[in-house]
Amino acid sequence: MGVVVVTGVPGVGKSTVMGGASEAGYAIVNFGDIMFEVAQSEGVPDRDQMRKLPVAEQQRLQRLAGEKITSMGNVVVDTHTSILTKRGYLPGLPEWTLRAMSPAIIVMVEATPTEIAGRRAKDVTRQRDVDDVATHQEVNRAFAAAGAVMVGATVAVVENHDGRIDEAVAQFQDLLS
Amino acid sequence: MGVVVVTGVPGVGKSTVMGGASEAGYAIVNFGDIMFEVAQSEGVPDRDQMRKLPVAEQQRLQRLAGEKITSMGNVVVDTHTSILTKRGYLPGLPEWTLRAMSPAIIVMVEATPTEIAGRRAKDVTRQRDVDDVATHQEVNRAFAAAGAVMVGATVAVVENHDGRIDEAVAQFQDLLS
Amino acid sequence: MGVVVVTGVPGVGKSTVMGGASEAGYAIVNFGDIMFEVAQSEGVPDRDQMRKLPVAEQQRLQRLAGEKITSMGNVVVDTHTSILTKRGYLPGLPEWTLRAMSPAIIVMVEATPTEIAGRRAKDVTRQRDVDDVATHQEVNRAFAAAGAVMVGATVAVVENHDGRIDEAVAQFQDLLS
């Protein structure tokens, strides 16, 4: 199969869903970790310094991280389709990263906005949070779709609903088999 | 005008809508047929063998099919924006195919998910089917949008509602004129 | 920061929201104006003639306009993510234009479809208009997302709701700071 990218907004339960990957013979890596390993091998001392590098330099590191991941064989990559910053939604899988990794599948772990907002703040769930999660998931879908057209990857949605984690894990393992 | 791509989920009534194309002076071709013609000319005996070729080889055939279509002048191409596979939604119009065809318009034939589910199974329409159709159409829109930005094609929606096929055909013919 | 692209459907109040840009030290330019300046410098007499140029020639002018904008430093670019034509939604920011401008942020000014339809026609707001605006905004989001993945720009939504223009301007200025 090769590279399977797994994405999802914070609180959706991505790590739990990915749990079944080792059983299916896949290594699990975090994109940010691999990028930092590449940076370290070039003398960058810590993640803070990495984030302060010029944009072109960060893009080069993302590309190298993608190539390193491709060389790993069957691997599940834990990453984000977009990251919410003060300047809006930043693509976590921009074109150059996607081309370097050339994933076979882009998996989107999703739940309802109400479920996600609830998991993030067990006490109070505000409508505002629910709206923000809905927008974030919508942006993620659009970013993933654009990336899929670029590299020819499939896009798969794994639904991780409350009280039905086993179904989500099974659905994910099916994709890998 | 050149190449006009027509897409839509199974059951939406794409063929009926495209019916008016010949009248408007357009040839109608099926992307898969053209791709197989190219493959045959290189000695691939049947479609099964074609589907088993290495991915890079299939991409080369898709590119050649796109170039062949471009050389046909005014042509309507029957194809899919995405195909639902066991690994998720596969782009039917990945970047390399789109660039080879360079369509002027990407037409999306749509209906409501309930209408489509109903057309597929006249007897029983399950909510699950309706949800799946809604997701498939949403993925198609996102894939088509990404492709349009790559090649500068317009994206047009032709609505093919129950009992209003004439309107859909007329709307499609307007796009070609 | 560099280039910040501001988009939105007609009637959403884009110009008002952009008003705060000069205060923040940004020049405001209109993409179409810059493109015409480039065309004029090559002897094209008026905008009508420019629109009649062959597609490849228009693409070259769009690319040159993008490069000119990039050379301007901190600049807010007034443009459209898509333009509704008789052939469907035409990408206003196709790939070649985006790559030439390499924006840091793609801002989408949005309001509810009902608010926008109401602003366009103060007297009567028809459901049909509301539906069209909803589709246009949806297409814009998808086009913007595809562009963002190509160039690594962030996508930010500025909501410009009735009676809350100050919030919209402040939100936009925050993005620039």
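Helix H2 (residues 31-41) and helix H4 (residues 55-70) of chain A pack at about 110°, and their axes lie 9 Å apart. Axes here are lines fitted to C-alpha atoms, for helices over the stretch in contact, and angles run from 0 to 180 degrees between N-to-C directions. Helices (H or I, at least four residues) and strands (E, at least two) are DSSP runs numbered from the N terminus.

This is a predicted model, in which local features need pLDDT of at least 70 and side-chain atom pairs count only at pLDDT 80 or more, while totals for chains, interfaces and linings use all residues. Residues are numbered from 1 along each chain as its sequence is written, and chains are lettered from A and ligands numbered from 1 in the order in which they are written.

**The helix pair in chains A and C**

On the H2(A) side, A:Phe31, A:Ile34, A:Met35, A:Val38 and A:Ala39 meet A:Leu61, A:Gln62, A:Leu64, A:Ala65, A:Lys68 and A:Ile69 of H4(A). By class, this contact has nine nonpolar, one polar and one charged residues. The classes are nonpolar (Ala, Val, Leu, Ile, Met, Phe, Trp, Tyr, Cys and Pro), charged (Asp, Glu, Lys and Arg) and polar (the others, Gly among them).

In chain C, H2 (residues 31-41) and H4 (residues 55-70) pack at an angle of about 110°, with axes 9 Å apart. H2(C) and H4(C) are therefore roughly perpendicular to each other. Among the residues making that contact are C:Phe31 and C:Ile34 of H2(C) and C:Leu61 and C:Gln62 of H4(C). The contact of H2(C) with H4(C) divides into nine nonpolar, one polar and one charged residues.

**How the copies are arranged**

Two copies of a chain are related by a rotation about an axis and a shift along it. The superpositions are by least squares on the C-alpha atoms of residues with pLDDT of at least 70 in both copies.

| Superposition | Rotation | Shift along axis | RMSD |
|---|---|---|---|
| chain A on chain B | 120° | 0.0 Å | 0.0 Å |
| chain C on chain A | 120° | 0.0 Å | 0.0 Å |

Chain A superposes on chain B by a rotation of 120°. These two copies are thus related as by a three-fold rotation axis. Which residue of chain A comes closest to the rotation axis? The C-alpha of A:Ala146 does, at 2.9 Å. Of the residues of chain C, C:Ala146 comes closest, at 2.9 Å. The copies use different surfaces, with 15% of the contact residues of chain C recurring in chain A.

**The side of chain A that touches chain B**

Here, 13 residues of chain A are in contact with 13 residues of chain B (C-beta atoms, placed from the backbone, within 7 Å). Helix H7 (127-151) and strand S7 (154-159) of chain A each supply at least two residues of the chain A side. The largest share, seven residues, comes from H7(A). By class, the chain A side has 10 nonpolar, two polar and one charged residues. Only 15% of the interface residues of chain A are also interface residues in chain B, so the copies meet through different surfaces.

**Core and buried helix face**

The largest nonpolar core has 159 residues. A nonpolar core is a set of buried Ala, Val, Leu, Ile, Met, Phe, Trp, Tyr and Cys residues joined through C-beta atoms within 7 Å. Those with the most contacts inside this core are A:Val107, A:Ala145, B:Val107, B:Ala145, C:Val107 and C:Ala145. Not counting residues up to four places away in sequence, B:Val107 touches B:Val4, B:Val5, B:Val6, B:Thr7, B:Ala156, B:Val158, B:Phe172 and B:Leu175.

In helix H6 (residues 113-120) of chain A, A:Pro113, A:Glu115, A:Ile116 and A:Ala117 are buried. A residue is buried if 20 or more other C-beta atoms, placed from the backbone, lie within 10 Å of its own, exposed if 12 or fewer, and partly exposed in between. The buried residues of H6(A) pack against H7 of chain A.

**Two local details**

A:Ser102 sits in the loop between helix H5 (95-101) and strand S6 (105-110) of chain A. Its phi is near 45°, a positive value in a residue other than glycine. A:Ser102 counts as partly exposed because it has 17 C-beta neighbours inside 10 Å.

C:Ile165 belongs to helix H8 (residues 165-176) of chain C. With 14 C-beta neighbours inside 10 Å, C:Ile165 is partly exposed. Leaving aside neighbours within four places in sequence, C:Ile165 is in contact with C:Thr16 and C:Asn160. C:Ile165 and C:Thr16 are 149 residues apart along the chain, with 8.0 Å between their C-alpha atoms.

How values were computed. Contact = placed C-beta atoms within 7 Å. Parallel < 35°, antiparallel > 145°, perpendicular 65-115°, else oblique.
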